[in-house]
Protein chains: 2
Amino acid sequence: MNKLRILDCTLRDGGLTNNFFFDDSFVRDLYRTNVEAGVAYMEMGYRASRDVFKESDFGKWKFCDEEVIREIVGDNPTQMKLSVMADVGRTNFERDILPKKDSVLDMIRIATYSHTIDEAIDAVEHCHNLGYETTVNIMAISNDAQQTIASVLEKLAASSVDVVYLVDSFGAFYPHQVAALSRQYAEAVLPEGKQVGIHAHNNQQLAFANTIEGMRNGVSLLDVTINGLGRGAGNCSAELLAGYLMGQGVPCKQEPLIRFIEKHMLALKEEGVVWGYDIPYLLTGQGNHHPSKAIEFIKDCRTQYTDLLRELAVQ
Amino acid sequence: MNKLRILDCTLRDGGLTNNFFFDDSFVRDLYRTNVEAGVAYMEMGYRASRDVFKESDFGKWKFCDEEVIREIVGDNPTQMKLSVMADVGRTNFERDILPKKDSVLDMIRIATYSHTIDEAIDAVEHCHNLGYETTVNIMAISNDAQQTIASVLEKLAASSVDVVYLVDSFGAFYPHQVAALSRQYAEAVLPEGKQVGIHAHNNQQLAFANTIEGMRNGVSLLDVTINGLGRGAGNCSAELLAGYLMGQGVPCKQEPLIRFIEKHMLALKEEGVVWGYDIPYLLTGQGNHHPSKAIEFIKDCRTQYTDLLRELAVQ
C-alpha cells in the first residue's frame, strides 16, 4: 500500500476566490505551516500563460514565476515538495516550464478534461523528460461515460505520469461512487507503479468524507486546503483530514493548521473573501452542474434559491 | 429491508439554538413544508417537565403541550406522523404523557444515556402501553465500551421499543465507525421486528455522509433538520438528504425545503441565531468531547482556537 500523503492546494484552488491576490506574509506563513504540519506537497499556484491571462488581472500566484516562488521558499531546504498546476491549453509548457535542475519545483500537476487527454499526456512526457514528477488531474468526470474514463485511464497507465487524480470538479459524487471510482483508478494505474490522488469539492458537505472514502479504496495522495478555502463550496479541509490521519497513526500535525486559520483565514473572511458550503452549491453539485451559476448567484447577493433551482432545471 | 423514512427534528434540535423561541409562522410553515416534502415524522419539540425547567426561560416547544401542538396541526389530517422527545430524568412520563387516544402525537422518542437504560425502558413500556410508537435514542455512545453498547442493545431488543437510535452526540464518529455500529444495532434489533434510526452531528462535516453510511448498513429512520439547524455544528441537512434520496427513487421532495430555507432560515441567521460547522466544533468533535465548550467559546466571540485546543487537552 502506498504511503498516505497530503497535498496542500490552498494557494491554487483558494486563489480562485481572490484572483490569487495573497500577500507575502500569508504565503510565507502557509509555507512554514505546511512544513510543520507534515504536508508532503505544497502547490504554489498555477503556471498560467501570459498569452492567455492578462497579468494585471491576477496576483502573482496565477503565474508562479520561478523567482516569485524562491522569494518565499529560497531553495526550499525542507522535506516538503513543491508543485504548480498547469492547465492543458492555458500553459505554454515548452516556454514556461524550466528544466527541473533550474527550478525549485518538484512536481507539475496537469489538469485536463478527458477529451484533451492526448495533449495532457504530451505535457506529461515533456515535464517528465525535464525531470519533474507529474500528475494528471482529469476534471469533470461526472459527465463522462464509464468507457471514456476507462480509456483515459488506460492511456495514463501507459504514460510516464506518476499520479492520476480522481477529481470531483462539481462536488457531485457520493461516497459510494467515490469508492467505486477509486477502485477503478487504482486497478488501472497501481500495477504500473503509479499512485492515485483525490481532489474533492464540498458542494454537498462531502469533500472530507469522499477523501476518506478514496483513501480506503487505494487513493494515497490527498488534496486539501486550509479551512477548505477554494472555489465555490471549497475543498476538503486540511484541519479535518490532519486530525483524522493523526488518529490513524499517519505522521502529521493539526495544531499548526489551526494556528494558521486563527491568524490568516479569519482575516481573509473579514476582507470579504467568500467560500464554503451554501445552498446554491448544493443545487449545482447535486444536479451535476459546473458551480459557475452558483458562484454568480452568490456574488450577486441573491437568495431566491428556488429561482436558481428553476434556472438550473432548464439548462 | 425497511422503508427509508425521514424524521425532521428542526424544532427540537434547532430549539437548542434559540431556547425554542420559534414564532408560529415558522412552525406552521415548517409543518406544511414537511408534509409537502414527504417527511415521515415531524418532531414538535421536547415534552420537558416544568418541575425541571422554568417555563419563562423557554419557548413553548420545550414543553409541547397538547393544545400548543394542535394550534398548528389541528387533528393533523396528513400522512405525516408527529413526535416529541422526552429525556430520561427530565420528563414526567406518568403525568405529562396523555393516552394516545387523547393526543395528536404518534411517537414518543426517549433520550437516554446507556447508564439510565433501565429507566428508559420503563418509559418505553409506559408510552407503549399508552398506545404510542416509541424510540430510544442512546446518547454519547462514543464514550461507551463495546460491551456496554451490546448489553444496552440486548435489553432494547427484548423491550417494546419500535426504533433504536444510533446517536453521534459529539459528532465524533467517522463513516467506517458508523457503518460498523449500524450493523451492530441492526443485527441486535432487526430480528425482533424493530428498526434502527440515526441522528448525526456535523462537527466534522460528516453528518450527511454518516447518515448515508448508516442507511447503507441497515438504518431506516433518518434524522434531519432543515439547513442543518441544531446545537453547535448542527445536524444532517434535510435538503442534502432529500436530494440524495430522490436520486435513489425514494418518494420525497427537495424543493419545499429549499423554499423554507429561503423564507425562514435566512431570517433566523439575520436574527443572530448561530449554528453550523466551525473550527471549535471540529476540535470538540474530533477529540470526542461534549460540544458545550465549543458553544461557549463561540458565544463569547473568541477566536483563539489554539487556546481551545489546549483547554480541551487538559480536560
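How many residues of chain B are in contact with chain A? The count is 35 residues of chain B, and they meet 35 residues of chain A. Keep in mind that this is a predicted model.

## Where the two chains meet

Let's start with the interface. The size of an interface is often given as the accessible area lost when the parts come together. Here, chain B and chain A bury about 3,000 Å² between them, and 64% of that area is on carbon and sulfur atoms. Which elements of chain B supply the side that touches chain A, giving two or more residues each? They are helices H7 (175-189), H8 (207-215), H9 (238-247), H10 (255-270), H11 (279-286) and H13 (305-313) of chain B. H10(B) gives the largest share, with 6 residues. Sorted by class, this side of chain B has 17 nonpolar, 13 polar and 5 charged residues.

So much for the residues; what about the links across the interface? The rule finds 0 salt bridges between chain B and chain A. It does find 12 residue pairs in polar contact across that interface, with both residues at pLDDT 80 or more.

How are the two copies arranged?

## A closer look at H11(B)

H11(B) is mostly covered, with 7 of its 8 residues buried. Go and find them in the structure: B:Ile279, B:Pro280, B:Tyr281, B:Leu282, B:Leu283, B:Thr284 and B:Gly285. What covers these buried residues? The cover comes from both chains and includes helix H9 (238-247) and helix H10 (255-270) of chain A, together with helix H12 (292-299) and H13 of chain B. Just after H11(B), you'll come to B:Asn288, which takes a positive phi of about 60°.

## A serine in a loop

Now hop over to chain A. A:Ser169 sits in the loop between strand S6 (163-167) and helix H7 (175-189) of chain A. Is A:Ser169 buried or exposed? With a relative accessible area of 15%, A:Ser169 is buried, because the cut-off for that label is under 20%. Leaving out residues up to four places away in sequence, A:Ser169 touches A:Met139, A:Ala140, A:His201 and A:Pro291. With one of these, A:Ala140, there is a polar approach: a polar atom of the A:Ser169 side chain lies 2.8 Å from the backbone nitrogen of A:Ala140.

## Salt bridges

Side chains of opposite charge can pair when their charged atoms come close. Over all chains, the rule counts 42 salt bridges. Here are some from chain A.

| Pair | N to O distance |
|---|---|
| A:Asp24 and A:Lys60 | 2.9 Å |
| A:Arg109 and A:Asp223 | 3.0 Å |
| A:Arg310 and A:Asp307 | 2.8 Å |

Take the salt bridge of A:Asp24 and A:Lys60. A:Asp24 is in helix H2 (residues 24-37) of chain A, while A:Lys60 is in the loop between strand S2 (41-46) and helix H3 (66-73), so the pair ties together parts that are 36 residues apart in sequence. A:Asp24 is partly exposed, at 27% relative accessible area, and A:Lys60 is partly exposed as well, at 32%.

Next comes the salt bridge of A:Arg109 and A:Asp223. This pair links distant parts of the chain, 114 residues apart: A:Arg109 in strand S4 (residues 107-113) and A:Asp223 in strand S8 (residues 221-224) of chain A. Both partners are buried: A:Arg109 has a relative accessible area of 0%, and A:Asp223 has 2%.

The pair of A:Arg310 and A:Asp307 stays within helix H13 (residues 305-313) of chain A. Being 3 residues apart there, the two are separated by about one helical turn. An α-helix has 3.6 residues a turn, so residues three or four places apart point the same way. A:Arg310 is partly exposed, at 48% relative accessible area, and so is A:Asp307, at 27%.

Finally, some salt bridges share partners, joining A:Arg12, A:Asp13, A:Glu43, A:Arg109 and A:Asp223 into one network.

How values were computed. Residues numbered from 1 in each chain as written. Chains lettered and ligands numbered in written order. Predicted model: local features only at pLDDT ≥ 70, side-chain atom pairs only at ≥ 80, totals over all residues. Heavy atoms only, no water. Contact = heavy atoms within 4.5 Å. Buried area = accessible area lost by both parts, 1.4 Å probe. Salt bridge = Lys/Arg side-chain N within 4 Å of Asp/Glu carboxyl O. Polar contact = N/O pair within 3.5 Å; in protein donor to acceptor, adjacent residues only side chain to side chain. Helix = DSSP H or I, 4+ residues; strand = E, 2+ residues; numbered from the N terminus. Nonpolar A, V, L, I, M, F, W, Y, C, P; charged D, E, K, R; others polar. Buried < 20%, exposed > 50% of the residue type's maximum accessible area, 1.4 Å probe, protein only.
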